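Please keep the sequence and the 3D view open while reading.

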Amino acid sequence: MAKIHFVDHKGETRTVEIENGATVMEAAIRNSIPGIEAECGGACACATCHVYVDEAWREKVGSPTPMEEDMLDFGFDVRPNSRLSCQIKVSDELDGLVVSTPERQA
Amino acid sequence: MSDVIKTDVLIIGAGPCGLFAAFELGLLDMKAHFVDILDKVGGQCAELYPEKPIYDIPGIPHVSGQGLTDALMEQIKPFHPTFHLGEMIETVEKIGDPAFRCTTDAGKVFECKVLVIAAGGGSFQPKRPPVPGIEAYEGTSVHYAVRKMETFRDKNVLIVGGGDSALDWTLNLHPLAKRITLLHRRDDFRAAPHSVERMRALVADGKMDLRIGQVTALSGADGQLTGATVKGNDNNVSEIACDTMLPFFGLTMKLGPVANWGIALENNLVPVETSAFETNVPGIFAIGDINTYPGKIKLILCGFHEGALMSQKAHRYVYPDKRLVFQYTTSSSSLQKKLGVN
């Protein structure tokens, strides 16, 4: 299990727990976290689960694969710490991860 | 009013579940017409992941989204379904018990006994960049598709994106437009390599501009755009003068007009019972990703099953006086005759 903190665009934090092996997107969808749509259901095909990884966690989370980088082209206000949350797999290492969600996905 | 198209079944959405439903309906002698907002069949499979592999279609170890679409089109060919692409059903009116009159946004009118909503995540619509005030320019200065190239003659066009749409229109509009600026968030393009090469050659010859960055604001008045504020990857902010903008950020899915047809909805999904996947309105069914019921999972294979059960019930509405005898395609000569294999 890992705790994931989602910070919305207004600065409000919601903390959820998720089992290892699930994705950060699933943690958001199962807990109705606002700001994550995940239209394609996790196929890395839509860029509506875009999040910003907290600077302190960027190294542990890693960078996007070329396929994810391509999909990020469909996102808005993409920054160096942008990731698609369906491509971040939860593990003990990511317990306490902080990500923020954009105001709108699309 | 245009001529009314009469059909046994009208299927909204030509994705994999809708397409296979035409097969199951066809075996039971029901004729289907399709309406889909996309300009091609295949739904998400063709639009979102034509080249991505799918590994969970029973009996097919792996197939691409486009491959599955092509195979389904081949499979339903004997039943000659009719496709009305690039249109969206806007209104549904009950005219019988059951019978429905459905009208598209292009004014086409259908009368059907059974309506099948196989609309997946809803209708695909272009993604609108969340730039403040962009709505004020839509339709006048901001366009999400090129309908007529002439619209762009002698314009200062800002094209945003890095895929095939962005690159194709950069190259096609370049001879017509006064000046083209292509803006993308990184100096890497998903578009076909030869298009990227041609674009880079035009830039090298000084015939167009390539900028790296993202739009943060628009300026102009009364729907007429005069420029875009762009933040570069170095966080430097600059202005690009333009009177027309074409953003290409792919498509998003919106439930759309389904919400206005008097069908019960639950979290933007259509609740159905699980013996025939019928909605709360008799004669209107919902199959595939758009429906919900206890235990629902959004898999193509589940949508196939839903289409088969739906067809059994639809038969009762289309042929109220005929008794349906269940038959297998492996052994029934009458089914094989319909399939054109016997």
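In this predicted model, 16 residues of chain A are in contact with 18 residues of chain B, where contact means that the C-beta atoms, placed from the backbone, lie within 7 Å. On the side of chain A that touches chain B, eight residues are nonpolar, two are polar and six are charged. Nonpolar covers Ala, Val, Leu, Ile, Met, Phe, Trp, Tyr, Cys and Pro; charged covers Asp, Glu, Lys and Arg; the others, Gly among them, count as polar.

The model is predicted, and local features need pLDDT of at least 70, side-chain atom pairs count only at pLDDT 80 or more, and totals for chains, interfaces and linings use all residues. Residues are numbered from 1 along each chain as its sequence is written, while chains are lettered from A and ligands numbered from 1 in the order in which they are written.

**Chain B overall**

- Chain B holds seven helices and 20 strands. Both are DSSP runs numbered from the N terminus: helices are H or I with at least four residues, strands are E with at least two.
- The C-alpha trace of chain B spans about 70 × 40 × 40 Å along its principal axes.
- Of its 342 residues, 40% count as buried. Buried means 20 or more other C-beta atoms within 10 Å of the residue's own, exposed means 12 or fewer, and partly exposed is in between; C-beta atoms are placed from the backbone.
- Take the contacts in chain B with a separation of 6 or more: 60% of them join residues 24 or more positions apart.

**Helix H1 of chain B**

- H1(B) has twelve residues and reaches 17 Å from its first C-alpha to its last, close to the 16 Å expected at 1.5 Å a residue. The expected span is 1.5 Å times one less than the number of residues.
- H1(B) is mostly covered, with twelve of its twelve residues buried. Among them are B:Cys17, B:Leu19, B:Glu24 and B:Leu27.
- After H1(B) comes B:Asp29, with a positive phi near 65 degrees.

**B:Phe23**

- B:Phe23 sits in H1 (residues 16–27) of chain B.
- B:Phe23 is buried because 22 other C-beta atoms lie within 10 Å.
- Leaving out residues up to four places away in sequence, B:Phe23 touches B:Gln75, B:Ile76 and B:Phe79.
- B:Gly307 is 284 residues away along the chain, yet its C-alpha atom is separated from that of B:Phe23 by 9.0 Å.

**H1(B) against H3(B)**

- H1(B) packs on helix H3 (residues 65–76) of chain B at an angle of about 15 degrees, with the axes 9 Å apart. Axes are lines fitted to C-alpha atoms, for helices over the stretch in contact, and angles run from 0 to 180 degrees between N-to-C directions.
- H1(B) is therefore roughly parallel to H3(B), a label for angles under 35 degrees.
- The residues of this contact divide into nine nonpolar, three polar and no charged.
- From H1(B), the contact includes B:Leu19, B:Phe23 and B:Gly26; from H3(B), it includes B:Leu72, B:Gln75 and B:Ile76.
- The crossing of H1(B) and H3(B) is left-handed, meaning that the near helix is turned anticlockwise from the far one by less than a right angle; clockwise is right-handed.

**H1(B) against H6(B)**

- H1(B) and helix H6 (residues 300–318) of chain B cross at roughly 35 degrees, and their axes come within 8 Å.
- Residues making this contact include B:Cys17, B:Ala21 and B:Glu24 of H1(B), and B:Gly303, B:Gly307 and B:Ser311 of H6(B).
- By class, the contact of H1(B) with H6(B) has ten nonpolar, three polar and two charged residues.
- The crossing of H1(B) and H6(B) is right-handed.

**Backbone details to check**

- The peptide bond from B:Asp97 to B:Pro98 is cis, with omega near -10 degrees. B:Pro98 lies in the loop between strand S6 (89–96) and strand S7 (99–104) of chain B.
- A:Ser32 is not a glycine, but has a positive phi of about 50 degrees. A:Ser32 is exposed, with 10 other C-beta atoms within 10 Å.
- B:Asn267 also is not a glycine and has a positive phi of about 50 degrees. B:Asn267 counts as exposed, with 7 C-beta neighbours inside 10 Å.

Key
Contact = placed C-beta atoms within 7 Å. Parallel < 35°, antiparallel > 145°, perpendicular 65-115°, else oblique.
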